[in-house]
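I opened my notebook to look around this protein step by step. Here is what I looked up, in the order I did it.

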Amino acid sequence: MCHKQVFLNIDFLLNCEGSNKMSELKAEEKKTKKKTVKTTKTASAEKPEKKTVKKVVKKAKAETEKIEEKVAEVMVAADGKLAEELEATKKKATKTTKAKTTAKKKEAVEEAEVRVEEAVQEIVEDLGPRRSVAFIGSECYPFVKTGGLADVMYALPKELVKQNCDVKVILPRYKCIPWKYQEQMVYRGEFYMDLFADGKQFYVGIMEYEWDGVVYDFIDNEELFTSGNPYTNMVDDIPKFCYFSKAALCALLYLDWIPDVIHCHDWQAALVPIYLRTLFENTKLASSKTMLTVHNLRFQGIYGLDAIRYWSGLPDYVFNKDVLKQNWNDANMLKGGLAYCDMISTVSNTYAGEIQSEFYGEGLDAHLRYHSGKLRGIVNGIDCDIWNPETDERIFKNYVVEDAIENKKANKIELQKELGLNVDENKFVIGLISRLTNQKGLDLVNSIVPQIIDGNTQLVVLGTGDPGYEDSFRYYENAYKGEVCSCIQYDEDRAHRIYASADALLVPSLFEPCGLTQLIAMRYGTAPIVRETGGLKDTVEPYNMYEDNGNGFTFDRYDAGLLLDAINRAKTLYFEHRENYDAMVKRDMQKDVSWKLSAAQYRELYLQLKP
Ligand code: ADP
């Protein structure tokens, strides 16, 4: 603005004062020149006396010179004046700019100071005693991921490091881990460990990788971790994870890293608390406390008791009905871990309650009720750097709350083009990103697809799993060409684009310990349509049309009619009260779905587990 002002002033000066004076003077000069020429002409024509003529010419010349001098003087003066005025205007503009910049700078500095003070305050508040924690689990983003566990194993340690914890994550070194990570791993040592009941020895290598303040130690054994997939079948998986659990403890001893808390995840690491209190009870590690987090109670690691007794090499006395034994002939690894750990956590408060009931208890409800005194529920968060519509490089157009409505439409159009759907920004696009299994409520979805597709609605499915579901979604894509797209694949990039482009995301699960997709959806301004169970109930506040608040649409009983009703409520709001729908989009984007609060809760539990 200031520059514009300067230019206007210069123009003004050139056009008015200076040029007026100059043109006056030039006119006078012209006149004199004409006069001189005329005089000369007349003189030659009439042939007066030479002297007289010379005199006249001389006078005219002198007059011309005088005028020229005057013109030069005035021009210099005008130039000077112009330069002065220009300088003055410049100074004024610079002064104004400087004043404004200084004010802005001052404001920014003050704001930054306040922020720093707040941050310091927070840190001071958070800084309790430092805790060291070893995470032991079977998958972790970005090395290997089959579901939400991998996201948690990556994001929770990262947040805990910010909250005064030392974290080491111990993982199997699967062959399928991308080479770009493998090649950066550093060899930390190797040893042999006995495992099976007959004392069979196994090689254990330790490869280390450090990233974002978190140390990842990979347990290396080519014989056991060669498969392209972390999970294959129970006959292979059970000995593999017996080995992994014991090797993780041996690695901690080998590295002489004795954590305050050993935080184990799911059945694959559930034997850790049992090994610790049996075969490792006379080691330095005995001072560590254990926490076992249940990410999904459906998966428990059940197999024949004799086989697990042999593979694990654990003493006979833990194969009783209160610890590992289940029914007559089976052993249940998760059940044993739940009994032996110092603290059990699961990934939402509602799920912590649900799993103590018969319907959700997966056969362990009585066991969990017995151990309920040490059971807690902490809802998951998401990594807000990876899931960030403002910076996400995988989506078509980035957006923030202010321009979300417009830019989500642009994303929608590009997604429709990419997937071969009819391109129309006014269609209500529903996304579904999920493992295609019974848990996820897909039988409900399958039974109402024809009612969902009404000419104004499109459905985009991304997932792999049970062949029955894969085929039925393929069928619907064929039956409703241009309106349904079924991507039967696992594709992280496409998942990001669907979250950014869809208007709503379906999560009608039969049970859902926490669920991450509804959290990610909200972060991208995509309204979740969920069943009120587990973490879905804890994280999605149903839309209330009277008060115009809430984050999504919910239904309670596991019933296809109720799911359809929830979808129709979403459509009604979208097509008939768009401003309210758009307001919900913005509300969702502003909701705190980060790990900050949840990590603080975990930290609180670690402090309670004081050695
Ligand atoms: P679960 O762990 O039961 O599979 P969650 O909702 O906890 O379910 O986590 C699912 C995670 O996996 C989310 O990050 C989701 O985006 C991702 N995901 C699921 N299916 C796919 C897929 N087909 N392609 C890409 N990402 C997927």
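Before sorting residues into classes, I noted the rule: Ala, Val, Leu, Ile, Met, Phe, Trp, Tyr, Cys and Pro count as nonpolar, Asp, Glu, Lys and Arg as charged, and the others, Gly among them, as polar. With that rule, I read the shell around the ligand as seven nonpolar, seven polar and six charged residues. I also reminded myself that this is a predicted model.

**Entry 1: around the ligand**

Which residues come nearest to the ligand? I found 20 residues around the ligand, and G148, R435, K440, Y499 and L516 come nearest. Next I checked some atom pairs. A backbone N or O atom of G148 sits 2.7 Å from a ligand oxygen. For R435, an N or O atom in the side chain is 2.7 Å from an oxygen atom of the ligand. L516 uses a polar backbone atom, 2.9 Å from a ligand oxygen. Then I looked at cover: the ligand taken alone exposes 570 Å², and the protein buries 93% of that.

I wanted to know which helices take part. Helix 3 (148-162), helix 14 (492-501) and helix 15 (517-523) each supply at least two residues of the shell. Helix 14 gives the most, with three residues.

**Entry 2: helix 5**

I traced helix 5 through residues 234-254, which makes 21 residues. From first C-alpha to last, helix 5 reaches 29 Å, close to the 30 Å expected at 1.5 Å a residue. Is helix 5 mostly covered or mostly uncovered? It's mostly covered, with 16 of its 21 residues buried. Just after helix 5, I spotted D256 with a positive phi of about 55 degrees.

**Entry 3: helix 17**

The buried residues of helix 17 are A560, L563, L564, A566, I567, A570, K571, L573 and Y574. Helix 17 has 17 residues and reaches 24 Å between its end C-alphas, close to the 24 Å expected. What caps its N-terminal end? That's D559, with a side-chain oxygen 2.7 Å from the backbone nitrogen of G561.

**Entry 4: the whole protein**

Last, I zoomed out. The protein has 19 helices and 18 strands. Of its 611 residues, 51% count as buried. Its accessible surface comes to about 29,500 Å², and 52% of that belongs to carbon and sulfur atoms. Among contacts between residues at least 6 apart in sequence, 73% join residues at least 24 apart.

Note on methods: Residues numbered from 1 in each chain as written. Predicted model: local features only at pLDDT ≥ 70, side-chain atom pairs only at ≥ 80, totals over all residues. Heavy atoms only, no water. Near = heavy atom within 4 Å. Polar contact = N/O pair within 3.5 Å; in protein donor to acceptor, adjacent residues only side chain to side chain. Areas by Shrake-Rupley, 256 points an atom, 1.4 Å probe, with all protein chains shown as cover. Helix = DSSP H or I, 4+ residues; strand = E, 2+ residues; numbered from the N terminus. Expected span 1.5 Å × (residues − 1). Buried < 20%, exposed > 50% of the residue type's maximum accessible area, 1.4 Å probe, protein only. Contact = heavy atoms within 4.5 Å.
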